[in-house]
Amino acid sequence: MFTATYTQQDAAGRVTAGVHRPAAGDAAELWDAINRRRALVGQAAATALPATAGTYITPDALEACRQSVASLLSPTPGLLGGLPASPAALEWLMPQPGPHENKTLCQLNDATHVSLFSALNGTGGWSDPLLAPAATAVRARHLNELRQALEWLSRGRWVLPVHFAAGIISVLPDAPWAGGLLSNTGSDELRTLGHLVVHGQQQPERGLHNVTVRPGAILELLADVSCTVEIHQCLRQIDFAWDWPTWNEYLPGAALAWSSPGGLGPGDATAIGSLALAAGVPGTFSAPALDAALQDVIDLKPSCLLVRRLDSGYETIALQAQAIVEFDLNSPPN
């Protein structure tokens with residue numbers, strides 16, 4: 001369970017009226033937590049308003065925090081690049097155990113969504129809807145609502161395209177090949193390798209990092225020909241941009257060979273599972289080994305997917321895939 005730690009807090013992580021007075025340091029901690037979540041969904045850091053009148057939070061500074069937290073409920077996907085852009089979709093999920101657990105957090109309740117504000121205080125917005133200078137005093141409940149909201153914004157679901165960017169073919173063992181295609185004649189094969197974009201190239205880092213993949217990640221595959229595919233986690237460092245792998249070598253520019261041609265030898269790959277696909281019908285696959293492979297991708301370990309056709313036939317198959325990943329933020333930080 002995500003556990004935040006604040007400088008001023010009681011046993012429940014909250015400020016107490018009459019004991020704590022909301023201070024500049026509390027506002028700085030809120031902005032750090034907000035910007036962590038903005039980075040996770042691929043957004044640039046927000047610039048905080050000055051938080052002090054002396055040493056205390058001003059109402060307009062806390063109002064800016066509120067607006068930034070509310071904007072996180074509808075994050076813009078597709079900011080990490082790739083074709084198609086990654087992620088294809090993303091949403092926050094209620095992490096609190098109970099009837100609303102894993103429902104999408106948003107601003108309105110329905111069968112599959114739970115309102116952040118309804119869960120916070122039973123209304124459609126923040127307590128004291130507008131904090132204005134010289135009109136509303138900053139109170140402990142305002143700070144506590146923001147802390148609770150940010151703690152609930154700690155579980156997410158991303159839909160990530162798999163970019164089949166490279167192929168390896170047995171009949172041309174020293175030549176790179178286009179990804180996204182499979183074939184198996186019974187004697188010769190074309191296999192494909194795919195990667196997921198979970199990190200951006202910006203500094204500070206944007207995208208999925210310092211998170212734990214929850215059990216039950218889903219790999220969805222679509223083929224244009226009925227077939228059975230076998231899915232592996234490739235353990236080698238693959239350069240999808242400048243040094244495509246071949247049947248014989250995973251990094252030809254450095255003359256680094258697979259332990260077994262085709263990329264399935266010891267140290268090359270680990271089997272995840274297999275799936276029978278009907279032509280034009282998406283099929284889904286889940287397994288603990290898939291969860292572990294996706295965690296390795298997020299943790300920047302050498303890892304991608306290698307897919308081969310198990311059954312044989314003379315058709316060349318076009319393959320598409322996406323991964324649906326749920327994750328929890330690690331703490332600390334907040």
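Reader: Does Glu151 count as buried or exposed?
Author: The relative accessibility of Glu151 is 15%. Buried means under 20% relative accessible area, exposed over 50%, and partly exposed in between (1.4 Å probe, protein chains only). At 15%, Glu151 therefore counts as buried.

Reader: What kind of model is this, and which pLDDT do side-chain atom pairs need to count?
Author: Residues are numbered from 1 along each chain as its sequence is written, and side-chain values use heavy atoms, leaving out hydrogens and water. The model is predicted: totals for chains, interfaces and linings use all residues, local features need pLDDT of at least 70, and side-chain atom pairs count only at pLDDT 80 or more.

Reader: Which residue meets Glu151 in a salt bridge?
Author: A salt bridge puts a side-chain nitrogen of Lys or Arg within 4 Å of a carboxyl oxygen of Asp or Glu. Here the N to O distance is 3.0 Å. Glu151 lies in helix α4, and its partner sits 137 residues away, in the segment before α1 (24–40). The partner is Arg14.

Reader: Why does Arg14 count as buried?
Author: The side chain of Arg14 meets that of Glu151. Arg14 counts as buried because its relative accessibility is 12%.

Reader: How do the axes of α2 and α4 run, roughly parallel or roughly antiparallel?
Author: Helices are DSSP runs (H or I, at least four residues; strands are E, at least two), numbered from the N terminus. Axes are lines fitted to C-alpha atoms over the stretch in contact, with angles from 0 to 180 degrees between N-to-C directions. Those of α2 (residues 59–71) and α4 (residues 140–152) come within 11 Å and cross at roughly 25°. Under 35 degrees counts as roughly parallel (over 145 roughly antiparallel, 65 to 115 roughly perpendicular, the rest oblique), so α2 and α4 are roughly parallel.

Reader: Which residues in α4 does α2 meet?
Author: Contact means heavy atoms within 4.5 Å. From α2 come Leu62, Cys65, Arg66 and Val69. Their partners in α4 are His142, Leu143, Glu145, Leu146, Ala149 and Leu150.

Reader: What is the relative accessible area of Lys301, the salt-bridge partner of Asp296?
Author: The closest N and O atoms of Asp296 and Lys301 are 3.7 Å apart. Asp296 is buried, at 18%. Lys301 is partly exposed, with a relative accessible area of 47%.

Reader: Which partner does Arg309 have in a salt bridge?
Author: Arg309 counts as buried, at 2% relative accessibility. The bridge spans 3.0 Å, N to O, and the partner is Asp311.

Reader: How many salt bridges does the count come to?
Author: Some form a network linking Glu91, Glu101, Arg155, Arg157, Arg214, Glu326 and Asp328. The count comes to 17.
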